[in-house]
Amino acid sequence: MSTFETILHPAMDLTSMRQLGNVKTRLVQVNPESGTTFSLSGTGVQDIFFSLPSGGSSVLINGMNSYLCYDIVFDCGASEVVGFSNADGNSVVRSLEVTNSGQTIESLERYNVLSALMSDMKSVDRARNLDSILMGGALQTSSSSKQPREFADQGFCRVALPIYSAFYGVLSAGQYAVATDGIRMRFTLEAPDTALISGGGGTLGYVISNISLKMEYVDVEPSVFAQLVSEGGGVLKTHGIGVQNTSTTLVAGTTSNTIMIPVRKSAVKHVINTFRRTDNLTASNRNSTGGRINPNCSRLNWQIAGRQYPPIQIRNANSAGTTFAGGEPMAELLKCFRNLHGNTGDCVFDAVMYEDIVGQNESSAFVVGYNFDTDADPLSISGISTLSDNIFLQLDSNSTGIPVALTADSFVFYDAILTTDMSTGQVSIIQ
């Protein structure tokens, strides 16, 4: 935490730029560096690179109002219908890496697994109305909000999706980043058999075209920007929420698993854990990205440096482990979203979907998490340091044990500071 205690002061908080006069916004379309059409089939993947323009000497980027847009044509065979896994157009994005002048700023694997989780933490009405338009999601006639909108073979859809980036997307904590030279984003397109779902179970495919980033650039009055740079000693610093993913496998039948999460950061805000059937990860007839199974979890907690969080294990079942009830783990998860007792938050799944121990249904939705942040303000830097110790998830299942071989994903959310030297253009990351 000492690294961060004086990292920002009001003069360098770019959020304040929103209150300044003479600020104009404009939408900048960023096309791929090469290629306009990308055709994938089966288990094939594809990298797409975008170079963000600097836009000028006093320009910022508002990631909250930026998005990824693309056309997609589905290939599923004449007798089948197909849709996005988890009813989420972001299922097509396998991973994201952001670099600046060759230096990695952030890297997120399992991007579509995270986006599926984030998409599930909203109201059913949002999922079946707005997101059916924005993300190709479920319709009002769908049996579940995690059931995708169905498209026939060669069906067409165009989507506009949030970008899960710490500095240039929706994880930017509402702050602006400096639009410097050298910002490059690599999106890896997911294999169709994972990104899509079809009842037929055959090899799937898709064609992506007209893909671009729609970035909101903020033009600041040069004199105001110069004052901001001067007060920051020539260096501007932007706070964002980074996410790092680790994965491991769990063996069927085991009743106690200690999952190591080797993420070393100065200020970890919270950790979220998901479990998916390993045999579903590339199955074209399963919800490969958002079908999350309850690993017969009876109790769990997290450990750092020998200390347990919380001190008493969270219960997800009765004493015998024969009946599941997710009130306590859900309460801890909602703290990660700062919405434990709020009336505005929601999710698209119910208790039966949450405690699904089969994981073959597209609506299965089990997820757990724990919040280490001590401040209710997402702009504050108040997480726990893991620089010297790994995080461990202690997962205790009932006597049946893990129901089937599982892939366990851990998403660690942490405070990150992007520093930009305005005289040299040099950037660095503190995390």
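Visitor: Which residues of helix α6 are buried in this predicted model?

Guide: In this predicted model, helix α6 covers residues 327–336, and its buried residues are Pro329, Met330, Glu332, Leu333, Leu334 and Cys336. These buried residues pack against β16 (268–277), β18 (307–315), α7 (351–354) and β19 (367–371). After α6 comes Arg338, which has a positive phi, near 55°.

Visitor: What makes the pair of Phe74 and Phe151 stacked?

Guide: The search of the whole structure gives 13 aromatic pairs. For Phe74 and Phe151 the ring centres are 4.7 Å apart and the planes stand at 25°; pairing asks for centres within 6.5 Å, and planes under 30 degrees apart count as stacked, so this pair is stacked. The pair joins distant parts of the chain, with Phe74 in strand β4 (residues 59–75) and Phe151 in strand β8 (residues 151–152), 77 residues apart. Both Phe74 and Phe151 are buried.

Visitor: How do you know whether Phe275 and Phe366 are buried or exposed?

Guide: Buried means under 20% relative accessible area; Phe275 has 1% relative accessibility and therefore counts as buried, and Phe366, at 0%, therefore counts as buried as well.

Visitor: What makes Lys265 a charge over the ring of Tyr414?

Guide: Lys265 lies over the face of Tyr414, at 4.4 Å from the ring centre, and the distance cut-off for such a charge is within 6 Å.

Visitor: Which residues lie closest to the centre of the largest pocket, and what is the make-up of its lining?

Guide: The largest pocket holds about 970 Å³ of space. It is lined by 34 residues, and Met118, Met121, Tyr164, Val170 and Phe337 are the closest to its centre. Elements giving two or more residues to this lining are α1 (111–120), α3 (130–134), β9 (156–161), β16 and α6. The lining divides into 21 nonpolar, seven polar and six charged residues. Tyr164, one of the residues closest to the centre, also belongs to a cluster that ring pairs form with Phe50, Tyr111 and Phe187.

Terms used. Residues numbered from 1 in each chain as written. Predicted model: local features only at pLDDT ≥ 70, side-chain atom pairs only at ≥ 80, totals over all residues. Heavy atoms only, no water. Buried < 20%, exposed > 50% of the residue type's maximum accessible area, 1.4 Å probe, protein only. Helix = DSSP H or I, 4+ residues; strand = E, 2+ residues; numbered from the N terminus. Contact = heavy atoms within 4.5 Å. Phe/Tyr/Trp six-rings, centres within 6.5 Å; stacked < 30°, edge-to-face > 60°. Lys NZ or Arg CZ within 6 Å of the ring centre and 35° of its normal. 1 Å grid on protein atoms, 1.4 Å probe; cavity = no way out; pocket = protein on both sides within 12 Å on 5 of 7 lines; lining within 4 Å. Points joined across faces, edges and corners; volume = space filled by probe spheres on them. Nonpolar A, V, L, I, M, F, W, Y, C, P; charged D, E, K, R; others polar.
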